[in-house]
Amino acid sequence: MMQFMLLFSRQGKLRLQKWYSAQPDKAKKKITRDLVATILTRKPKMCSFLEWRELKIVYKRYASLYFCCAIEQSDNELLTLEIIHRYVELLDKYFGSVCELDIIFNFEKAYFMLDELMLGGEVQETSKKNVLKAIAAQDLLQEEETPQGFFEDHGLG
Amino acid sequence: MANAIKQVINEVAEKVKMPSTPTRLRDLIRQIRAARTAAEERAVVNKECAYIRASFREEDSQWRCRNVAKLLYIHMLGYPAHFGQLECLNLIASPRFTDKRIGYLGAMLLLDERQDIHVLITNSLKNDLNNPVQFIVGLALCTLGAIASPEMSRDLASEVERLLKSTNAYLRKKAALCAFRIIGKVPELMEMFLPATRSLISDKNHGVLITGVTLIIEMCERSPDTLIHFKKVVPSLVRILKNLIMAGYSPEHDVSGVSDPFLQVKILRLLRVLGHNDAEASEAMNDILAQVATNTETSKNVGNAILYETVLSIMHIKSESGLRVLAINILGRFLLNSDKNIRYVALNTLLRTVHADNSAVQRHRATILECLKDPDVSIKRRALELSFALINGSNIRAMMKELLAFLEKSDAEFKAQCSSGIVSATERFSPNRRWHIDTLLRVLIAAGNFLRDDVVSNTIQIISESTSLQGYAVGQLWRAVSCSSGSLQHDGQPGDLDLQGATLPISERQPLAQVASWCLGEYGDSLINGHTNANEQEEPVVAGEDEVVDFIQGILSSSQSTIITKQYALTALTKLSTRFSVTVGRIEDIVTRFGTHLNVELQQRGIEYAQLFTKHVALRPAIMERIPPMEHKSSQQGLTNGSSGGGGTLVSNGDDNMLMDDLSSFTTTSTSHSAPATKDSNSLLNLLGGLDNFDNGPSAPVFTNSKASTAPSTSNLDLLDLLGGLDLSGSTLSSAPISGPLMTTPTGSSTSSLVNNNLANLLSSPTTQMSAAVSNSSSFLIDGFLGTAPTPSPKLQNVTAYDKNGLKVDFSFDRPVDNPNLVIVTLTASSSYGSTLCDFLFQAAVPKTFQLQMMPASSTVINSGIPVTQVMRILNPTRAVLKMRIKLSFSRDGMTIQDQDEVKNLPSALWQ
């Protein structure tokens with residue numbers, strides 16, 4: 001089971017964090033700090049896996065963003081790379097060639113997308129189409145609730 | 001112009017809106033991003049937080065959603081956001097979908113199962129799980145899966161079970177993963193999900209299939225009964241997998257030409273769980289595993305992910321031998337892959353299977369050795385571990401050649417690990433003594449200052465044992481040191497040690513200097529006489545007395561030599577005074593000068609040794625006698641106690657007769673405590689501090705297994721210390737005042753008068769001394785054992801004292817019948833994930849009514865598959881309740897891990 005997923009920039013700024021196992025806030029911050037520091041110092045030629053405490057860290061860089069997942073000993077590192085890639089593909093489809101700014105300004109949408117791909121640290125949907133369909137339907141529900149023309153003022157803006 | 005007007009209008013609009021409309025989320029993000037300094041950002045955030053708080057206080061529900069969303073962004077930047085928790089609950093309770101969506105997102109980010117507030121959420125979840133809108137149910141399920149607590153799981157399990165049977169696949173898959181999390185929290189709830197789970201894997205929807213398989217894996221891993229229950233799904237799983245690999249292209253689930261790899265991997269994992277130790281189930285899956293292994297497209301990462309999972313399954317079940325060979329060959333191909341991730345995975349998996357299928361892995365030895373040259377440290381480290389696992393008696397020469405080459409070129413972080421690995425491998429598999437000594441010397445030369453201490457003591461031990469090669473060793477060492485110190489040119493004898501790379505100054509090779517000093521001290525005369533060839537054909541290495549003394553003087557006067565090295569050198573020099581003839585005057589001169597050395601240890605040594613040149617000159621030849629060959633350590637393989645040349649440690653908190661009678665054990669006391677390790681004593685103090693928690697208050701008996709490899713010369717000197725102390729007290733050994741653990745009293749005066757020949761021998765051979773201590777205690781053990789044999793004491797349950805950070809420590813207990821107050825605890829330390837743990841140090845403390853005696857650990861290095869054992873003897877005369885605090889330190893992959901803990905689950909049978 002995936003324990004947590006972190007997205008951070010090359011400057012070490014956290015862009016998204018998803019914790020599938022309960023941790024005190026202090027521990028979350030420390031883990032994030034440690035991992036960001038460790039991964040940013042690794043050279044691009046090195047392999048994508050790290051042994052860290054009792055977990056395996058799988059990370060991959062896409063443009064300026066690092067996607068970093070912590071998985072358990074019994075999980076498949078290579079497949080975790082595929083999960084990361086799937087998530088990136090979904091974001092890409094949704095935002096239309098996604099960039100870091102999309103994720104910064106629409107972080108809640110990035111979370112919604114992740115929550116349709118994974119649940120409780122496990123993959124829940126293996127079809128890209130189904131994930132995007134579910135997201136589109138929910139976005140539509142949201143739009144219908146917001147009076148036309150007032151979206152900017154009344155929605156999240 | 002138009003722009004200007006627009007701007008004015010905007011500003012007016014802002015002003016009019018200001019009191020009612022809060023900053024929009026994207027505007028806030030923009031403002032925060034515009035901040036140029038951390039202080040500026042803080043100001044923006046604080047202002048906004050103040051606004052949000054005020055708005056929350058006014059219970060403004062119109063903007064609640066936007067405010068919580070902003071708070072979530074602020075939270076991600078690391079600012080406190082706990083005051084938004086209740087607002088999330090309010091949003092969830094709102095009928096609007098937008099509110100719920102943000103509310104649940106906030107709940108997942110700001111709450112988790114440890115917070116009391118989240119109990120409040122249970123009711124809202126229950127309502128939403130019954131909502132007619134599938135996406136609202138979906139949000140509730142997602143949140144439940146993320147933050148479920150045990151109570152929440154119990155309250156909502158029946159709702160989840162109902163949704164598991166829903167006709168809607170979107171809800172079924174989410175409910176399946178919720179059930180998976182619920183079982184993780186409350187395993188006894190598994191029962192109620194069983195009937196609905198079975199039908200999940202006959203579903204067509206891949207989302208339902210993969211979540212269903214995930215749920216079944218969790219159930220099978222948690223309960224053996226359920227595992228048997230699900231054995232009958234093996235044929236269905238095989239069919240699904242077959243359809244996946246045989247079916248043509250399906251755009252919906254295709255990933256670079258592979259059909260739904262996510263599902264394939266999950267099914268392979270479930271097959272592994274079901275087929276483990278079950279010949280019948282394994283038989284049913286042999287074919288499909290072979291098909292997956294041969295039919296999977298391997299040009300992309302995704303295909304390799306599946307192959308990797310297949311290999312793991314093949315190795316884990318009772319598969320056919322042909323299939324196992326196929327699996328190892330897949331890993332062999334992985335090793336040649338250009339993708340370093342795949343190479344890494346291959347090495348890791350081979351490391352896990354090497355103990356089961358050594359011969360199959362051997363075939364890929366060359367490839368594995370090739371990986372030692374990989375630039376990536378993760379790969380290098382795995383390859384190194386794997387290489388050591390592959391060494392055996394028949395390949396050791398070839399392997400060692402590669403490993404020594406690696407050692408010479410490797411970075412500092414690998415040198416320690418690699419050299420210790422070489423030392424233990426040579427101990428087990430050396431074809432002959434001379435090769436063994438040659439290899440150890442090469443390690444000393446190549447690893448420089450990065451050697452672990454145990455290599456020095458091991459090398460000395462081996463040289464001392466091999467009486468016929470002592471001269472040879474001293475010759476080779478002389479060649480090495482004289483070459484690297486630059487005073488002599490290497491004359492390149494064929495057949496001699498290859499000293500390439502021996503160009504570092506001796507200060508960069510302290511361990512080499514230490515071994516060389518020791519050997520020169522013991523066997524320096526053979527260097528002068530030219531008895532340094534291993535056989536008649538070879539040219540002996542010869543040196544003059546002055547050259548040798550020059551060399552040692554060089555070490556002693558160099559500011560770059562460590563104190564330990566100087567201690568070795570000074571003792572060696574004194575010893576040489578009885579082996580050399582023309583340079584005795586010079587030696588006396590040098591030794592005497594150390595009487596005023598700044599370092600207390602060296603100064604004391606200087607004064608003591610100087611006495612042997614003046615007042616007690618008659619005693620010198622006897623005291624400086626050659627050390628008899630050290631006994632062979634019984635347990636180089638690291639399976640029994642007392643092997644690594646260190647001292648077992650005994651400390652008592654006062655008048656303990658048993659210890660007093662035992663000279664050897666009490667000398668070891670001093671050894672470990674005066675060992676120059678301030679770090680150790682600090683940690684001891686810490687440990688004592690920690691004892692305050694015990695009812696009995698702070699206590700004195702603390703035992704360390706010190707550094708299992710106290711440098712021999714230090715122990716030498718410490719023994720002298722001890723004698724010094726005894727001499728002062730002017731009494732016999734048995735009445736020596738032992739005031740406590742830190743009893744050594746360094747005194748410089750008139751030590752030698754009491755020192756007789758016998759003691760001197762003991763003095764100079766700490767290792768024999770240690771083994772005496774060990775054999776002594778083991779006879780104790782045997783006594784106890786013999787006592788129990790006829791009437792075995794009740795079997796005591798083993799206890800896991802520690803299982804964290806990759807280290808597992810188990811205790812097994814024994815209570816000899818003839819001494820019911822005694823408990824013998826054997827601890828077994830093993831590495832949980834197959835990685836090698838070094839510098840293992842275990843310390844324990846018990847309340848002061850107990851007496852604890854700690855035997856040395858079998859090794860300081862825990863290799864995967866080879867656990868380390870250590871014996872503790874606990875005397876409990878008052879039959880009090882046993883409590884124990886432990887402190888551990890070890891390093892894994894170069895990282896030092898320290899931890900302490902209280903052993904809670906000690907069986908009460910130990911003191912009843």
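Start at the boundary between the two chains, keeping in mind that this is a predicted model. Across the interface of chain B and chain A, the rule picks out eight salt bridges. Show the side of chain B that touches chain A and color it by residue class: you get 35 nonpolar, 18 polar and 28 charged residues. For polar contacts across the interface of chain B and chain A, the tally is 28 residue pairs, both partners at pLDDT 80 or more.

In it, 81 residues of chain B are in contact with 74 residues of chain A. The two chains bury about 6,900 Å² between them, and 54% of that is on carbon and sulfur atoms. Pick out B:Met76, B:Arg101 and B:Phe262 next: they supply 12% of the area that chain B buries against chain A, more than any other three residues.

Side chains of opposite charge can pair when their charged atoms come close.

Next, go to B:Glu252 and A:Lys129, whose side chains meet in a salt bridge at 3.9 Å, N to O. Here the chain B partner, B:Glu252, is in the loop between helix 14 (234–246) and strand 1 (254–255), and A:Lys129 is in helix 5 (residues 128–145) of chain A, so this pair joins two chains. B:Glu252 is partly exposed, with a relative accessible area of 29%. One more to click on: B:Arg269 and A:Asp75, with 3.5 Å between the closest N and O atoms of their salt bridge.

**Inside chain A**

Hide chain B and look at the fold. Chain A has six helices and seven strands, in the order β-β-α-β-β-β-α-α-α-β-β-α-α along the sequence. Of its 157 residues, 61% are buried.

Zoom in on A:Arg15 and A:Glu100, which form a salt bridge of 2.9 Å, N to O. A:Arg15 lies in strand 2 and A:Glu100 in helix 3 (residues 100–105), so the pair ties together parts of chain A that are 85 residues apart in sequence. Both A:Arg15 and A:Glu100 are buried. Then select A:Lys30, A:Asp34 and A:Arg53 together to see a network of salt bridges.

Where does A:Ser21 sit? Look in the loop between strand 2 (14–19) and helix 1 (25–41) of chain A. A:Ser21 is buried, with a relative accessible area of 16%. Its side chain makes a polar contact of 3.3 Å with that of A:Gln3. Bring chain B back and you'll see that, leaving out residues up to four places away in sequence, A:Ser21 touches A:Gln3 and B:Arg181.

Finish with a couple of phi angles. B:Asp260, in the loop between strand 2 (258–259) and helix 15 (261–275) of chain B, has a positive phi near 40 degrees without being a glycine. B:Asp260 counts as buried, at 0% relative accessibility. B:Asn277, in the loop between helix 15 and helix 16 (279–295) of chain B, is also not a glycine and has a positive phi of about 55 degrees. B:Asn277 is exposed, with a relative accessible area of 57%.

Conventions. Residues numbered from 1 in each chain as written. Chains lettered and ligands numbered in written order. Predicted model: local features only at pLDDT ≥ 70, side-chain atom pairs only at ≥ 80, totals over all residues. Heavy atoms only, no water. Helix = DSSP H or I, 4+ residues; strand = E, 2+ residues; numbered from the N terminus. Buried < 20%, exposed > 50% of the residue type's maximum accessible area, 1.4 Å probe, protein only. Polar contact = N/O pair within 3.5 Å; in protein donor to acceptor, adjacent residues only side chain to side chain. Contact = heavy atoms within 4.5 Å. Buried area = accessible area lost by both parts, 1.4 Å probe. Salt bridge = Lys/Arg side-chain N within 4 Å of Asp/Glu carboxyl O. Nonpolar A, V, L, I, M, F, W, Y, C, P; charged D, E, K, R; others polar.
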